[in-house]
Each structure stands twice: as structure tokens, then as C-alpha cells.
Amino acid sequence: MLRLEEALDQILREAKPLPAIELPLLDTLGKYLAEDVFADIDLPPFDNSAVDGYAVRAEDTVGASAERPIVLREVAEITAGSAPGVEVSRGTAARIMTGAPMPSGANAVVMIEDTRSDGSAASASRLISILEAATPELHVRRAGEDLRTGSRVLSRGTVV
């Protein structure tokens, strides 16, 4: 008579994996991946703002504080899902929402809580007071920061 361990070893030696099959995504719950899954795009796919605030050139905010704000001119408002279509140049800033693409020329984002506006509606003459200096890359999520094209996302054998 076989002991339990011997019987299990014999069964496992003879067991073969089933062939891989393709299924619609919604039918894969509880199934095992037959192969590794790799990212086909960068995530995020473009440089974007990590917070609501103002996209700025960090060098324009040097020395900014609540006592000595730096005043910049608002040139645009950029929402998530839109294309910037504007350049942030010396002395300007662009209102930006979380997830919105960074405009060219900007290298940092000052959180909305660290700014004060003149209160008028958005226009070419709206002035924004920056109450805290920014450093390059502040509150900017770079393209591919979370995941690079070609990186393994899930390994073979993972349960979906």
C-alpha cells in the first residue's frame, strides 16, 4: 500500500498543465495567466500635475513667501483631458488641475493652497501671488514614472 506522500508525488508527476486558451477579459476572473503581461504604454503617458495649482517655472518663484509673494500673470487654465496649447514663460503661470498635462516651459506646480489670486475671472491680466517657492519637479508626475513601456505588469501564473 502507498503512503499518502508517495501517492501525491505520483499524481503530481503525472499531472500536466492544461493548454492555454484565450478568453474575453471579463471571463478571466479566477483563472491563471498563461504568460507574463507587459505594459504597451508608459503610465502616466505624459508629464502631468500631481495636484491642483499653478504650473510655473521654478526659477520664477525663488524667494516667494506669504510675507513676500511673487506675482505671476495667469496665461491659461489647463484641465485634465485637455491639451495645454500654451507655453509658460518668464513671469507667467498656468492654472492646472490634477492629471492635466504640463505645459511647455513649466517645470513645477505650486499647490493652489500656496497661491492667492486677484479675484477677477480668468483672463490674460489675472495676477497670481505665489506664497511658497517651488523647486524643479515639485508636484510633477513624469511620463512613465509609475510604469514604463515593456515593463512586466503581471507574471505568468498570477490569478486574475
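The model is predicted. The protein has 1 helix and 10 strands, and 30% of its 160 residues are buried. Its radius of gyration is 26 Å, whereas a compact globule of 160 residues would have one near 15 Å.

**Overall form**

- In sequence order the elements follow the pattern α-β-β-β-β-β-β-β-β-β-β.
- The C-alpha trace spans about 90 × 30 × 25 Å along the principal axes of the protein.
- Of the contacts between residues at least 6 apart in sequence, 70% join residues at least 24 apart.

**The sheet**

- An open sheet holds 6 strands in the order β6-β3-β5-β4-β8-β7, and its pairing is mixed.
- Its edge strands are β6 (108-111) and β7 (115-117), each of which pairs on one side only.
- From one strand to the next, the twist averages 40°.
- Strand β3 (residues 53-56) runs antiparallel to β6, and 4 bridges join the two.
- Across from Met111 in β6 stands Gly53.

**Nonpolar cores**

- The largest nonpolar core has 13 residues. Those with the most contacts inside this core are Ala55, Ile78, Ala94, Ile96, Met102, Ala106 and Val109.
- Strands β4 (70-78) and β5 (92-96) each supply at least two residues of this core.
- Val109 is in contact with Ser49, Val51, Gly53, Tyr54, Ala55, Ile96, Met102, Leu138, His139 and Val140, leaving aside its neighbours within four places in sequence.
- Another core, of 11 residues, lies apart from the largest one. Its members include Ala64, Ala93, Val110 and Ala134.
- In soluble globular proteins, nonpolar side chains tend to be buried together.

**Salt bridges**

- The count of salt bridges comes to 8.
- Asp36 and Arg152 form one of them, with N and O 3.0 Å apart. Asp36 lies in the loop between α1 (4-14) and β1 (37-38) and Arg152 in strand β10 (residues 152-154), so this pair ties together parts that are 116 residues apart in sequence.
- Arg142 and Asp47 form another salt bridge, at 2.4 Å from N to O. This pair also links distant parts of the chain, 95 residues apart: Arg142 is in the loop between β9 (140-141) and β10, and Asp47 is in the loop between β1 and β2 (48-49).
- Both partners are partly exposed, Arg142 at 27% relative accessibility and Asp47 with a relative accessible area of 28%.
- A network of salt bridges links Asp47 and Arg142 with Glu137.
- Arg141 forms a salt bridge with Asp146, and their closest N and O atoms are 2.6 Å apart. Arg141 is partly exposed, with a relative accessible area of 26%, and Asp146 is partly exposed at 47% relative accessibility.

Key: Residues numbered from 1 in each chain as written. Predicted model: local features only at pLDDT ≥ 70, side-chain atom pairs only at ≥ 80, totals over all residues. Heavy atoms only, no water. Salt bridge = Lys/Arg side-chain N within 4 Å of Asp/Glu carboxyl O. Buried < 20%, exposed > 50% of the residue type's maximum accessible area, 1.4 Å probe, protein only. Pairing = 2+ DSSP bridges. Axes fitted to C-alpha atoms, helices over the stretch in contact; angles between N-to-C directions. Core = buried A, V, L, I, M, F, W, Y, C linked by side-chain atoms within 4.5 Å. Contact = heavy atoms within 4.5 Å. Rg over C-alpha atoms; globule rule 2.2 N^0.38 Å.
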